[in-house]
Amino acid sequence: MREFWTFRHAAWLGWQTESNWTDPLLFAIYSVIRPITTTLMVVLMYWFVGSKETSLFELMFLGNTLYMYIFNVPFGISYVIMEDREHYKVLKYLYISPANIYVYLIGRGVSKFVITTVAVAITLAFGVLWFFLHLLPTNSIMPRLDVANERQLYLPGWGLYLAVGVALLMWLE
């Protein structure tokens, strides 16, 4: 039972430190805006570098999105160790306390994993929304006889290809 309480309080502490102890509504707004702006930065960097090769964009976008798991979770847990040791100076007290240090680190890691999963879901939803937003002007303002044209799918296809790629990756795992 002690491990459960250690895990619960460590996850709560992880959530509070990730949100910088702010209001949950403010942190929710930040959690929505941050992945979208980082996605737009990557898109603009890809576009301004001069690469107009769209077949590589989906892979780069998906790789950048899933890299959030690699960066935030394992590196985040190692940063928790450093932060608790150097900044807060509580790691030695956590180590000698009756709480299990590994359960504590797992709890902090789970909070980072949940926050990262929300960011990844928002980024992927933005990619799918990108597809429908770019089809909207071509098919809804003026009725057309040729609804499905390949020239209309060049730009919005990025979001659809991203969603199909993620679904395929999830299905293969």
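A residue counts as buried when its relative accessible area is under 20%, as exposed when over 50%, and as partly exposed in between. The exercises below use this predicted model.

**Exercise 1. State what share of the protein is buried and which secondary structure it holds.**

Solution. 
- Step 1: by the cut-off of under 20%, 31% of the 173 residues count as buried.
- Step 2: the protein has 7 helices and 0 strands.
- Step 3: in sequence order this reads α-α-α-α-α-α-α.

**Exercise 2. Compare the span of helix H1 with the expected value, then list its buried residues.**

Solution. 
- Step 1: H1 covers residues 2-18, which is 17 residues.
- Step 2: the expected span is 1.5 Å times one less than the number of residues; for H1 this gives 24 Å.
- Step 3: from first C-alpha to last, H1 reaches 24 Å, close to the expectation.
- Step 4: Thr6, Ala10, Ala11, Gly14 and Gln16 are the buried residues of H1.
- Step 5: after H1 comes Asn20, with a positive phi near 60 degrees.

**Exercise 3. Locate Val90 and decide whether Val90 is buried, partly exposed or exposed.**

Solution. 
- Step 1: Val90 lies in the loop between helix H4 (74-87) and helix H5 (91-96).
- Step 2: the relative accessible area of Val90 is 32%, so Val90 is partly exposed.
- Step 3: patch members need over 30% relative accessible area. Val90 belongs to a nonpolar surface patch with Tyr88, Tyr93, Tyr95 and Ile96.
- Step 4: together the patch residues have about 590 Å² of accessible area.

Notes. Residues numbered from 1 in each chain as written. Predicted model: local features only at pLDDT ≥ 70, side-chain atom pairs only at ≥ 80, totals over all residues. Heavy atoms only, no water. Helix = DSSP H or I, 4+ residues; strand = E, 2+ residues; numbered from the N terminus. Buried < 20%, exposed > 50% of the residue type's maximum accessible area, 1.4 Å probe, protein only. Patch = residues over 30% accessible without salt bridge, like charges linked within 9 Å, V, L, I, M, F, W, Y side chains within 5 Å. Areas by Shrake-Rupley, 256 points an atom, 1.4 Å probe, with all protein chains shown as cover. Salt bridge = Lys/Arg side-chain N within 4 Å of Asp/Glu carboxyl O.
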